[in-house]
Amino acid sequence: MAVNLVNVENATKVYGTRALLDGVSLGVSEGDRVGVVGRNGDGKTTMIRMLAKLEQPDTGRVTHSGGLRLGVLTQHDSLDPGATVRHEVIGDLADHEWAGNAKIRDVLTGLFGGLDMPGFPQGLDTVIGPLSGGERRRIALAKLLIDEQDLVVLDEPTNHLDVEGIAWLARHLRERRSALVCVTHDRWFLDQVCTRMWDVQRGDVYEYEGGYSDYVFARAERERIAATEETKRQNLVRKELAWLRRGAPARTSKPRFRVEAANELIADVPAPRDSSELMKFASSRLGKTVFDLEDITVQAGPKVLLKHVTWQLGPGDRIGLVGVNGAGKTSLLRALADAATSEGEQQPVSGQVKVGRTVKLGYLSQEVAELDPTWRVLEAVQRVRERVDLGKGREMTAGQLCETFGFAKEKQWTPVGDLSGGERRRLQLLRLLMDEPNVLFLDEPTNDLDIETLTQLEDVLDGWPGSMIVISHDRFFVERTTDRVFALLGDGALRMLPRGIDEYLERRQRMEEAAAASAPAAATGPAAAAGPEKSAADVRAAKKELQKIERQLDKVSEKETKLHARIADNATDFAKVAELDTELRGLVGQREELEMRWLELAEDA
C-alpha cells in the first residue's frame, strides 16, 4: 500500500476579501504524479506553496510524513549570486566523482546540452550573478533534480526550456521514483508525465484520474451532467475534446475516462478548422503572394544563421517553426517583418524577400509592449479599434473580445498598471487581433497564459483567415494551431518536417549521436578520461575534408542560384519548369547530405 506523504485538511487561504482556497482537503502518496491546472490567479501557486509548507493556511492544517525529503522549484530561485554553477549544482564533489555519476551526467546534458555547459561563458565555473533569469532557473532545476527526494514540487518547470529540454524533462520525471506535484500550462508535458490532475477553480480543487487528455474528457462529462458552466465555456471544452480525440495522437495508454460518454459528447462537434474555406478566404484577402524568400542569408553579428534559403509563405499557410535556441527562429521573423515594414537595412544580408502588396502584418514579439499604465483595459483595446472582423461573418466588439480573453466586465475597467504579467500578455494579444492583420507572426505566444486562455486563443485562431507563423516551445499549441512544421537545426537550412515535432526530435537525436560518435571521448569533459584522444593526423584529415565539403557546398549553392534564375526565365514553359524543378530537388538533397557530413566532422576538427 502506498505511503501517504502529505495531507492537506480543510485548508482555507484568504487574500483581502477573496478566498483563493476554501476548505480544501487532498493528499499526495508515494508514486503520485499530480498535474495542477487552473486560471491565472485562482490559487495554483498558493496551493503548492501550502503543500510544501512555504505558506501556512489561515485555517485547517498541512502535515508531512516523518523524515519527508522534499524538493521545491519556485518561480523565484534562492541561488547565491556570488557562487559558481559548479558550487550550486555539484557542491564539493571532485570531477571524477560527479563525472562518474550517471544521474548528474544525464541532468547536465539534458538541461544544458553537455557536461561542458555550452552557452555558459566559463562552463561550470560561470558566476551566477550576471546570468539571465532563464539560465538561473535551469540551474535551480538541475540542483533539485540531482538530489534524491521523496516528493518533488515544481512550479512552471518548462519555462525557459526548448522543445528538446521539455522532452528530456518529461522522460526524466517519468523515470524518477519520487512523487511529483507540478504546476504547468504545457499540456503535452502534463499528458506525458502526470497520472492525476488537480483543477483549481474558484476556491475548490477538483481531482481527476489520468493525464491532461483524461482530465479534459472527464471535465467535459462533468460539466455536461452538472450544467454548472456557461454555454460558451462548455463549447470550448467540447471543441478541445474533439481535437484530442480526432486530431492529436493518443496521449495515454490507459485512459480512465468512459470512452462511450466521451464519443457521445463530441458526436456533433466539427473539425477545429475548415482549412479549405479558410484558404479560400485568405487568398481573397492576400492574393497569390505573401512572403517569397529567394536565396536569403541572415546573420546575427558574425554568426550566419540562415544560408541561401529559398522558401515561400503562401495565403492561408499556418506554419509552426521549431529549432534549437540560437538557430535563428526569431531572426527569421524579424527579417520578414523588416521587409514588410520597409525597415531594417541589414537583414537579410543577401538574397531577396518579396512581400505581397496587401500584407498587413501583426507581430507578437517575446517582449511585452509597454502601454500607458493609466489606461483601462477596455480603453487600451478600443484605442486600436471598436469592432473586429474575425472572418466567416463573425464580428466582435472590443468588450466581447475582452471577455473571450478572460477580462470580465469588471476587469475591463482595471488600470493597465495593475495587471499581472500574464494579463498584460493577454492584452497584447487582444490589441494585435483588434488591428485585423491578415498575416500573424507569434513568437512564444503562450508565455504567461493559463490553459483556459490558451484554449480560447486557439478557438479564435481556428476561424482566423490569414497566414500565420508560430514559434513556440509549447508542443500542444503548435500542433493545435498549425498545419505544417518547419525546423531550423542550426546548420543554416530551413526544412519541412512531414511528421512534425516527433520528426524534429528524432533528427536532433541522430545529429547528437553522430556528433558523439565522431567526437573524441575526452571532448565530453572530465568523465571521458578513459577514452583515447584524436591524433593530430585525424584532426588534420577532418579539417581537410571539411574544407573540401565547404567548396562543394559553394558549388552546389551556385548551381541552385542559377537554377532559380532559369526557372524564373522559363516561368511560362511548364514542361521546362518541371524539368528544372526536378534538377533543383536533386541539388537540395545533395546539399543536405553535405551539410550533415559537415556537422559530423565539425567536432573532430
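Visitor: Why is Phe120 called buried?
Guide: Its relative accessible area is 8%. Buried means under 20%, exposed over 50%, and partly exposed in between, using a 1.4 Å probe and protein chains only. So 8% puts Phe120 in the buried class.

Visitor: And what makes Phe112 buried?
Guide: The value there is 5% relative accessible area, so Phe112 counts as buried too.

Visitor: Before we go on, what kind of model is this?
Guide: A predicted model, in which local features need a pLDDT of at least 70 and side-chain atom pairs count only at 80 or more, while totals for chains, interfaces and linings use all residues. Residues are numbered from 1 along each chain as its sequence is written, and side-chain values use heavy atoms, with hydrogens and water left out.

Visitor: How many aromatic pairs are there?
Guide: The structure has 7. In one of them, the ring centres of Phe112 and Phe120 lie 5.5 Å apart with planes at 85 degrees, so the pair is edge-to-face. The rule covers rings of Phe, Tyr and Trp (its six-membered ring): centres within 6.5 Å make a pair, and planes under 30 degrees apart are stacked, over 60 edge-to-face, the rest tilted.

Visitor: Why is the pair of Phe291 and Phe441 called tilted?
Guide: Their centres are 5.7 Å apart and their planes stand at 35 degrees, so the pair is tilted. It ties together distant parts of the chain, Phe291 in strand E10 (residues 291-300) and Phe441 in strand E17, 150 residues apart. Both Phe291 and Phe441 are buried. Strands (E, at least two residues) and helices (H or I, at least four) are DSSP runs, numbered from the N terminus.

Visitor: How do you know that Arg426 lies over the face of Phe407?
Guide: Arg426 is 5.0 Å from the ring centre. A charge sits over a ring if NZ of Lys or CZ of Arg is within 6 Å of the centre and within 35 degrees of the ring normal. So the 5.0 Å of Arg426 falls inside the distance limit.

Visitor: How do you know that E10 and strand E11 pair?
Guide: E10 and E11 (residues 303-313) share 7 bridges in the antiparallel sense. Two strands pair if DSSP finds at least two bridges between them, so 7 is enough. Gln299 stands opposite Val304 in E11. The hairpin of E10 and E11 has 2 residues between the strands, and Gly301 takes a positive phi near 65 degrees. E10 also runs antiparallel to strand E13 (residues 350-355), joined by 5 bridges.

Visitor: What makes E14 and E20 edge strands?
Guide: An open sheet of 6 strands has the order E14-E17-E18-E12-E19-E20, with mixed pairing. Strand E14 (361-364) and strand E20 (494-497) each have a single partner strand, so one side of each lacks a neighbour in the sheet. From one strand to the next, the twist averages 20 degrees. Inside that order, E12 (residues 318-323) and E18 (residues 467-471) pair in the parallel sense over 4 bridges, with Met468 as the bridge partner of Arg318.

Visitor: Where is confidence lowest and highest?
Guide: The lowest is in helix H10 (residues 259-265), with a mean of 56, and the highest in strand E7 (residues 179-183), at 95. That score is pLDDT, the predictor's confidence in each residue, from 0 to 100. For the protein, the mean is 81, and 81% of residues reach 70 or more.

How values were computed: Axes fitted to C-alpha atoms, helices over the stretch in contact; angles between N-to-C directions.
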